[in-house]
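Good morning, and thank you for coming. Please keep the display in view as I speak.

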Amino acid sequence: MKAGIIWSGNLSYGKLPIDLQSPKVQEVVESEKRLIENSIEEKAFEIVKRYTKYVRKNCELHQVNSSHPQDLGDYDVLSFIPGKNIILNIECKDNLPAFCLKDAKRLREKIFGRPGKDLGHFEHIEKRRIYLAEHISSIAKDISWPINVDTRPEIVTIYLTRFKNWWTSYPPIDVNAVFLRVDMLANYIEGLWDYDE
């Protein structure tokens with residue numbers, strides 16, 4: 001009974017308590033993990049829609065206009081808040097909690113990469129942020145957002161997860177991102193209005 005609870009509970013995290021080395025099992029686990037990440041994206045989209053009508057989910061710019069690069073990937077949730085002149089670039093990830101030091105090291109490398117080798121998740125996140133900043137006028141035109149290029153909007157990258165962990169609380173490298181749990185997103189957006197222009 002207890003073992004069944006542990007195993008079914010772990011599947012809701014998108015993993016099993018051990019690595020069974022089975023391609024079929026791994027396929028089922030990966031499918032569950034994709035469902036979880038899609039749910040995070042959907043929830044983030046629903047939350048952001050409360051504050052602005054200028055919001056897109058899974059926004060692949062090359063599908064809007066083929067002049068944008070295909071290898072850019074998609075912006076999980078991209079939005080513009082006209083009242084604050086802010087673009088929210090939300091990256092939704094489902095990182096599994098770390099249960100030991102080895103897990104914590106793997107998680108750090110997955111998010112931030114390995115020194116001198118790669119930047120983990122932030123390799124692509126930073127590439128999309130830079131592209132957004134450099135091409136904001138053409139992007140705004142392509143997706144019909146009322147962005148005034150004379151007063152360039154601030155771009156805020158949010159790394160959104162189900163769980164907060166050590167590395168998202170204390171990033172080992174400087175990154176241009178705010179780390180939030182999905183249940184903190186609405187409060188964060190509301191808090192944008194608390195700051196002076």
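The expected span of a helix is 1.5 Å times one less than its number of residues. Helices themselves are DSSP runs of H or I with at least four residues, strands are runs of E with at least two, and both are numbered from the N terminus. Before we apply this, please note that the model is predicted, with local features needing pLDDT of at least 70 and side-chain atom pairs pLDDT 80 or more, while totals for chains, interfaces and linings use all residues. Residues are numbered from 1 along each chain as its sequence is written, and side-chain values use heavy atoms, leaving out hydrogens and water.

Let us begin with H4. This helix has twelve residues and reaches 16 Å from its first C-alpha to its last, close to the expected 16 Å. Which residues of H4 are buried? They are Ala 104, Leu 107, Ile 111 and Phe 112. Buried here means under 20% relative accessible area, exposed means over 50%, and partly exposed lies in between, with a 1.4 Å probe and protein chains only. Seen down the axis of H4, the buried residues fall within an arc of 100°, so they line one face of the helix; the arc is that of the directions from the helix axis to the C-beta atoms. Among the elements that cover these buried residues are H5, S4, helix H7 (166-169) and strand S5 (178-181). Just after H4, Gly 113 takes a positive phi of about 85°.

H2 has 27 residues and reaches 39 Å from first C-alpha to last, close to the 39 Å expected. Its buried residues include Val 29, Ile 36, Ile 40 and Phe 45.

I turn now to the interior. A nonpolar core is a set of buried Ala, Val, Leu, Ile, Met, Phe, Trp, Tyr and Cys residues joined through side-chain atoms within 4.5 Å. The largest has 22 residues, and those with the most contacts inside it are Val 77, Leu 88, Ile 90, Ile 158, Leu 160 and Leu 185. Two or more residues of this core come from each of H2, strand S2 (75-81), S3, strand S4 (154-161) and helix H8 (185-191). H2 gives the most, with six residues. A second, separate core of 16 residues includes Phe 80, Leu 132, Ile 139 and Trp 145.

Finally, the charged pairs. A salt bridge is a side-chain nitrogen of Lys or Arg within 4 Å of a carboxyl oxygen of Asp or Glu. How many salt bridges does the structure hold? It holds ten. In one of them, Glu 42 meets Lys 57 at 2.3 Å, N to O. Glu 42 lies in helix H2 (residues 23-49) and Lys 57 in strand S1 (residues 55-59), so the pair ties together parts that are 15 residues apart in sequence. Glu 42 counts as partly exposed, at 30% relative accessibility, and Lys 57 does too, at 32%.

Arg 128 forms a salt bridge with Glu 91, the closest N and O atoms being 3.2 Å apart. This pair links helix H5 (residues 121-134) with strand S3 (residues 86-92), across 37 residues. Are these two partners buried or exposed? Both Arg 128 and Glu 91 are buried.

Methods: Contact = heavy atoms within 4.5 Å.
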